[in-house]
Amino acid sequence: MDQQITLQVDGARSALTVDTRTSLLDALRERLGTTSAKKGCDHGQCGACTVLLDGRRVNSCLVLAVTAEDAEVTTSDGLAADGPHALHEAFVDHDAYQCGYCTPGQITSAAGVLAEAAQGWPSAVTEDLAAERTELTDAEIRERMSGNLCRCAAYANIVPAVAEVAAAQGVRA
Amino acid sequence: MTTIERSVGAGVRRLDGPDKVRGRAPYAYEHELDAQAVFVAIVQSPVARGRITAIDGSGAQAVPGVLAVLTHVDAPRLGEVVEELRVLQSDAVQYAGQPVAVVVAETSEVARDAVGRVRVEYESGDPDVVLSADRDDLYAPEKLMAGFETDSVIGDVDAALAEAPVSVDVVYETPNQHNNPIEMHATVARWDGDVLRMWDANQGPHNLVPVITEAFGITEDQLHITSPYVGGAFGSKAFTHVHQLLAIMAAKVTGRTAKLELTRQQMFSLVGHRTPTIQRLRLGARPDGTLTAISHEVVEHTSQNAEFAEQTATATRLMYAAPARRTTHRLARLDVPAPTIMRAPGEAPGMYALESAMDELAAALGMDPVQLRLRNEPDRDPERDVPWSTRNLVACLTEGAERFGWAGRDHRPGVREEGRWLVGTGVAAATYPTRRRPSQARIEAVPGKPFVVSIDASDIGTGAWTTLTQIAADALRVPMDQVVLRIGDSRLPKASGAGGSTGITSWGPAVVDAAEQLRDRDVPAGGLTVTGSSGPGDEAEQLSSHAFGAHFAEVRVDRDTGEVRVPRMTGVFAAGRIINPVTARSQFLGGMTMGLSMALHEEAVLDTRRGHYANHDLAEYHIAANADVGEVDIAWVDEVDEAHNPLGAKGIGEIGIVGSAAAIGNAYWHATGRRVRDLPITPDKWFR
C-alpha cells in the first residue's frame, strides 16, 4: 500500500510517496537520493544507517518511514549545515575511518553520544548512575560507540576523535 | 625558484576525507539516483545439493510492480564462465543459498515481497559439509592459489622429529570466516544500446572485465565500470561473483537501470569466505632452541563448483631455519559455497598455527619465546635458497619487546591474578610476501593546469586516493594540489586490483614511470600525454622479498565468566618505505584489530544437516566492536627495499592481521595455563 508523506531531512522538507513497508533508510536512499545514511545490514546490527531523529540517534533501517513524518531527520551531511561539524574535522584529523562507509553513521552516533552525556545519561560502564553529568572517558566512548561496527577497525582512532570533541564541549576533562 | 616539499613520507590527511565523513562520496548503490531504476532481489536455494524439479514464478509475476522473474529456464544464457559463475544456467544445486531465481520490480519492497512467492521444488540429498582430517576423500590439488607448490619437503623430517630432544606435535583449527565489509556488495547495471554501463563495488574494475565481456559476449570497448569509492572488501570484492551477472541479466531483460544490493545474510553464501583449516604442527629442537625439523600439514575445504586451494603453510616455508622441513595441503570437496580470498589468505590462518606452535615449543624448552625466534633466524630463504631482499624480523621483535615492556617477563603460565582477572602476555611474528603486478598509468600535462594522473587503481579504504597523489606529486616535482588523480574506472589505463598488498608496489611505479617520461620535456601549448608502465622483473626469482612484523599482546581472562579482554597490543613492522604514516598506521591498526577479531570472535557455523550458515548476520557472526579494542601501539622500523619498486615500499594492507591472533592466543595461555587450539577463544572454552 502506498502513502503520501512529508519528511524533513537535514532541514529540507520533501513530499514523497512510499510503500507503507518502506524503512526510513530506504526512503532516504531510494526515494530522496540521500547518500549519507548507509545500509550495512538492514537489521539494526551494524549502525551504518544511524541518523538523529529529533536529536536522538536511531537505526533508520528499523524505523518505518511513515512514522517519521513529524520528526526532524538529521544525517551526518546535515550536521554540516553551517560548515564542517567539529566531529567531521576530528574524524579527518585522527584518520578515524578507512573505507568511509560506516563513517557518517559513526558521526551521527557520536553526535548522539555527546548529547546523551551532556544530559547525564548513564551507560553500561558508568559507575555513578546518579551523577548529574557524565564524563566521557575512553571507556565510556568505547561502550557508547559499540553499536557502530567498523570492519576496517578504526576504533582506536575513533575514540580519540570523539574524545577531542567531547573535551571541547565540556563533557570530558 | 620554489622549493617543493616532499609529499611521500608526510602524514597527509585523506583527500577523500571531507566527502566521506559527510556521506557525500558515492558508493556503488548510490549512483544513478535520478534514474528510473528497477530493483533486483534473489531467490535462494534452501538445499545444499540436488536439483530443481519444478519452478513457478507466476505468483511473483502477479504482484503489481513486478517486471520480470528469471529462472534457469528463461534467464539469458551466459558465455564461457567458470562453473561457480554459471548462475541460472541449469537445474543443478551445489550449495545452500545458491540463486535459483531473481525478481525484478519497480521498488525494492515489491521485489523482496515477490521473492517469497516464487515456488521451487527440489530433489535433494544430505549435504556433506563437515571438514575433518580423517576423511578418506582428501586430495592434493595440483597447485595452490597464486601458483605455490602444494607440498614441499627438504630432508628426512620424520627422522629428525624422532631424534629431536625437544618437540611439539599439536593440531590447531581455524573456523570458516567471512570478510563482511560494511558496504554490502552492490551493482548498478544498464545497457546503453550494446554498451554495458556498471557502477559496482569491487577491488579494481579491470578485475571484472574478462569475465563480464565473456559472459555477455561483448568487447572491452562495450563495457564501462565505475567504482570510485568502495566500502571495504578484504578480498570478497576482488573477483566477479554471481550477483553482478544477475544484475546485468535484469538490466538486459527489462531494458532499465537495474540495482542489486546483496543482503547481509546473502553475503555469507554468495561472495566467498575463508576456508576452515585443520593444521598439524610438529617442531623438533635441540635443548638450546635450535630448530631441527618443521612439519606443517594442512587440511582445508573447497566447494563442488570451484577449486580454491588456500596457501596456508607457505609462510612456514620461509619463516625459520631448520635442516628438515615439510609442508603439505590437502582439500576436501564439500557441498559449500566457493571459498575466496580473505585478508592475508594463507598467512593469517597458517601463521596463527606456526606462531602458536613456536610458543608451545618455547614453553617445552623453558625459553623466552622472543629468544626462540631470534635463535632460528635464517640468513637466506631456507627453502628457495636465495637471499632476502631485506629481512628485519629481528629488529621488529627487539623494538616490539622494548616498546611493550617484555623484559623481565615471568614466562611461567597461570601465575598472575588481579582480582577475578588472570593476566598474561604473548608474542608472535608476522610475514607477508612483497610483489608487484603489471600496471599502466597516464599523465596529461597542459601548461598552467594541474597534471591529470589516470590509473584504474582502487581505494577500498587503503588511502590510495591520497598516497597515489603523494607519489605522483613527488615524481612530477610539484605540490599535491597540482595533481588531479583519477582511479576506479575501467576506461582508465589498466592496472592490477587492490589485493595481495600490491596496490602501492604496482600502481606507484607505473605513475613514477609516466612522470619520468615528462621530465625535461617542454609541454606544448596543446598539451602532452604520456603513458607509463610497471611490472614484475627478475627480482621475484632472484630474491625472497617479504614484509615482517612482531605482535605483542596483553590478555586478561575473567576466572568466573571466561571473558577475554585485550587491554593492549603492540605491533612493529618492517614493511619498506612508508608512503603516508597516517594512512599506514590505520592499515596496521585495522589488520591487528581484525586479528583480535579472528582470535576472539569470528566463526561462521555450518548447519551440518542442511548445509547453510546458521549465524549469517552481524548479530550472530561477531566482529570486533569498539569496546573490544584497547590501547594499540604501532610502530615501524626504518626500511627501504628497492628490489621490487623504485619507491622502496613493500605493501602493508595484510601483514597487520598475520600473527596477531597467535599473540593473543599465546597470551591467553600465559594468563591461564590452558591452550585453546581452536579459534575463536570464546568464553565457553574456559569451561570445557
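Me: Which domains does the domain assignment give for chain A?
Reply: Domain 1 of chain A covers 2-75 and domain 2 covers 80-168; the bounds come from an automatic or database domain assignment. This is a predicted model, in which local features need pLDDT of at least 70, side-chain atom pairs count only at pLDDT 80 or more, and totals for chains, interfaces and linings use all residues. Residues are numbered from 1 along each chain as its sequence is written, while chains are lettered from A and ligands numbered from 1 in the order in which they are written.

Me: How many residues of domain 1 of chain A are in contact with domain 2 of chain A?
Reply: 18 residues of domain 1 of chain A are in contact with 13 residues of domain 2 of chain A. Two residues are in contact if their C-beta atoms, placed from the backbone, lie within 7 Å. On the domain 1 side, β3 (50-53) and β4 (56-59) of chain A are the elements that give two or more residues. The largest share, 3 residues, comes from β3(A). Helices (H or I, at least four residues) and strands (E, at least two) are DSSP runs, numbered from the N terminus.

Me: What classes of residue are on the side of domain 1 of chain A that touches domain 2 of chain A?
Reply: That side has 6 nonpolar, 8 polar and 4 charged residues. Ala, Val, Leu, Ile, Met, Phe, Trp, Tyr, Cys and Pro count as nonpolar, Asp, Glu, Lys and Arg as charged, and the others, Gly among them, as polar.

Me: And how far apart are the centres of the two domains?
Reply: The centres are separated by 22 Å, taken over C-alpha atoms.

Me: What pattern does chain A follow along the sequence?
Reply: The pattern is β-β-α-β-β-β-α-α-α-α, and chain A has 5 helices and 5 strands. Its C-alpha atoms fill a box of roughly 50 × 35 × 30 Å along the principal axes. The radius of gyration of chain A is 16 Å, which agrees with the value near 16 Å for a compact globule of 173 residues. That radius is taken over C-alpha atoms, and the globule rule is 2.2 Å times the number of residues to the power 0.38.

Me: Which residues of α2 in chain A are buried?
Reply: In α2(A), residues 86-93, the buried ones are Leu87(A), His88(A), Ala90(A), Phe91(A) and Val92(A). A residue is buried if 20 or more other C-beta atoms lie within 10 Å of its own, exposed if 12 or fewer, and partly exposed in between, with C-beta atoms placed from the backbone.

Me: What do they pack against?
Reply: The buried residues of α2(A) pack against α3 (103-118) and α5 (155-168) of chain A, together with α1 of chain B. Just after α2(A), Asp95(A) takes a positive phi of about 50°.

Me: Moving to the A-B contact, how many residues of chain B are involved?
Reply: 48 residues of chain B are in contact with 48 residues of chain A. On the chain B side, α1 (17-22), α3 (108-115) and α15 (581-600) each supply at least two residues. The largest share, 7 residues, comes from α15(B). By class, the chain B side divides into 23 nonpolar, 14 polar and 11 charged.

Me: How many helices and strands does chain B have?
Reply: Chain B has 16 helices and 24 strands. The radius of gyration of chain B is 26 Å, close to the 26 Å that the globule rule gives for 688 residues, so chain B is as compact as a globular protein of that length. Of those 688 residues, 59% count as buried. Among contacts in chain B between residues at least 6 apart in sequence, 83% join residues at least 24 apart.

Me: Which residues have the most contacts inside the largest nonpolar core?
Reply: They are Val103(B), Val104(B), Ala250(B) and Val511(B), in a core of 271 residues. A nonpolar core is a set of buried Ala, Val, Leu, Ile, Met, Phe, Trp, Tyr and Cys residues joined through C-beta atoms within 7 Å. Helix α9 (residues 347-365) of chain B gives the largest share of this core, 11 residues.

Me: What does Ala250(B) touch?
Reply: Not counting residues up to four places away in sequence, Ala250(B) touches Val38(B), Val40(B), Ala68(B), Val102(B), Val104(B), Ala258(B) and Leu260(B).

Me: Last one: where is Arg135(B) found?
Reply: Arg135(B) is in the loop between β6 (119-124) and β7 (152-154) of chain B. Arg135(B) is partly exposed, with 15 other C-beta atoms within 10 Å.
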